[in-house]
Amino acid sequence: MKPNRITELAHKYVSYDMITAYTALPEFPVPRVRLLYTFLNEREEGSSSAAETCTLAAFLVQLGMDTHDQIDLEQGLAEASPEMRSRQLKVLAGDYFSGVFYQLLAQAGEIGMVSRMSGAICEVNRLKARLYSRLKRMVLPAEEYVKECVHVRMGLFLSFTHLLDQSVQNLWQHLLAELSHCEVVTDEIRLAGQLPQDRKGYAYLRIMEAATSEERETISERKIGERDWTLLLAKYNIREQLTSMLHQSVDHVQSLLHECNKETVRAELRAIIEPFAAVLSPVRRSVQEG
């Protein structure tokens, strides 16, 4: 399999000039997509074209949901402003990506997957609503926040489990969980350095759990600057914690390789996990220097 095979197939759906000129799409869900294609393509019963169609549908639906998650709900934007145009295009692009999977699956005769994916979308939206509600009420511990985010990322892809040979379903679910965890933690490492404007994220939640009352008040009132936030990240070892979490999941994926019977599958899993393993070295070095 080419590393970017599904991304190449998706190109005609995601590369419209209006989108690229006026807004930005979220990062593609490449690790989960590659994992899904790898397992679908190894089925005893099933064709390569069917594997491509199902995986492409998953790619586009996930991208559609992620695009909708990026929509800025800020009030008072001018009708003709760049921000409003970007918001409108995100709405339209997300709707389009989420809707085109019907056509793809219907044309391929995968009618049953339309219903299963639709159900999975509803479940993912339910999980998101619960997550946002708990964040708003400030009743979500940092570690639970990560777990909830992992469940959200897994939701759509779990709907394909029944298509896989029963002998690999358990392995598939373990790998999906670990790779989703890698994605979440990698995002949290990247976002940790940003000021917590939205009162969410592992760094914000963990610091609020451990901080002094004075520190919590400063953060809550949004009076904290970049320098003080950086000091808090160091004081409460946030990057160390996230790095340890990522390292643990990378190790788990690598330990699961021996359960794969085919070297082609093992090689693909190594390629999927490599970018996450590469994140560890510079982060560790930064933590040590800090």
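**Figure 1. The whole chain, end to end.** Reading from the N terminus, the elements of the protein chain go α-α-α-α-α-α-α-α-α-α-α-α-α. That comes to 13 helices and zero strands, where helices (H or I, at least four residues) and strands (E, at least two) are DSSP runs numbered from the N terminus. The radius of gyration is 20 Å, close to the 19 Å from the globule rule for 290 residues, so the chain is as compact as a globular protein of that length. For that figure, the radius is taken over C-alpha atoms, and the globule rule is 2.2 Å times the number of residues to the power 0.38. The C-alpha trace spans about 60 × 50 × 30 Å along its principal axes.

This is a predicted model: local features need pLDDT of at least 70, side-chain atom pairs count only at pLDDT 80 or more, and totals for chains, interfaces and linings use all residues. Residues are numbered from 1 along each chain as its sequence is written, and side-chain values use heavy atoms, with hydrogens and water left out.

**Figure 2. Inside and outside.** Buried residues (under 20% relative accessible area; exposed is over 50%, partly exposed in between, with a 1.4 Å probe and protein chains only) make up 47% of the 290 residues. The chain exposes about 15,200 Å², and carbon and sulfur atoms supply 50% of that; the areas come from the Shrake-Rupley method with a 1.4 Å probe, and for residues only the protein chains shown count as cover. Take the contacts (heavy atoms within 4.5 Å) with a separation of 6 or more: residues 24 or more positions apart account for 73% of them.

**Figure 3. Arg-134 and its neighbours.** Arg-134 sits in helix α6, which covers residues 111-136. Leaving out residues up to four places away in sequence, Arg-134 touches Val-139, Leu-140, Pro-141 and Glu-148. With Glu-148 there is also a side-chain polar contact of 3.3 Å. A polar contact here is a pair of N or O atoms within 3.5 Å; within protein, one must be able to donate a hydrogen and the other to accept it, and residues adjacent in sequence count only if both atoms are side-chain atoms.

Figure 4. Glu-123 pairs with Arg-126, with the closest N and O atoms 2.8 Å apart. A salt bridge means a side-chain nitrogen of Lys or Arg within 4 Å of a carboxyl oxygen of Asp or Glu, and by this rule the count comes to 18. Both partners lie in helix α6, three residues apart, about one turn of the helix. Glu-123 is partly exposed at 33% relative accessible area, and Arg-126 is partly exposed at 43%.

Figure 5. Arg-153 and Glu-183 meet in a salt bridge of 3.2 Å, N to O. Arg-153 belongs to helix α7 (residues 142-158) and Glu-183 to helix α8 (residues 166-191), so the pair ties together parts that are 30 residues apart in sequence. Glu-183 counts as buried, at 8% relative accessibility.

**Figure 6. Cysteines without partners.** The structure holds zero disulfides, a disulfide being a pair of cysteine sulfur atoms within 2.5 Å. For Cys-149, the nearest cysteine sulfur is that of Cys-182, 14 Å away. For Cys-260, the nearest is again that of Cys-182, 15 Å away. Cys-149 is buried at 12% relative accessibility, and Cys-260 is buried at 6%.
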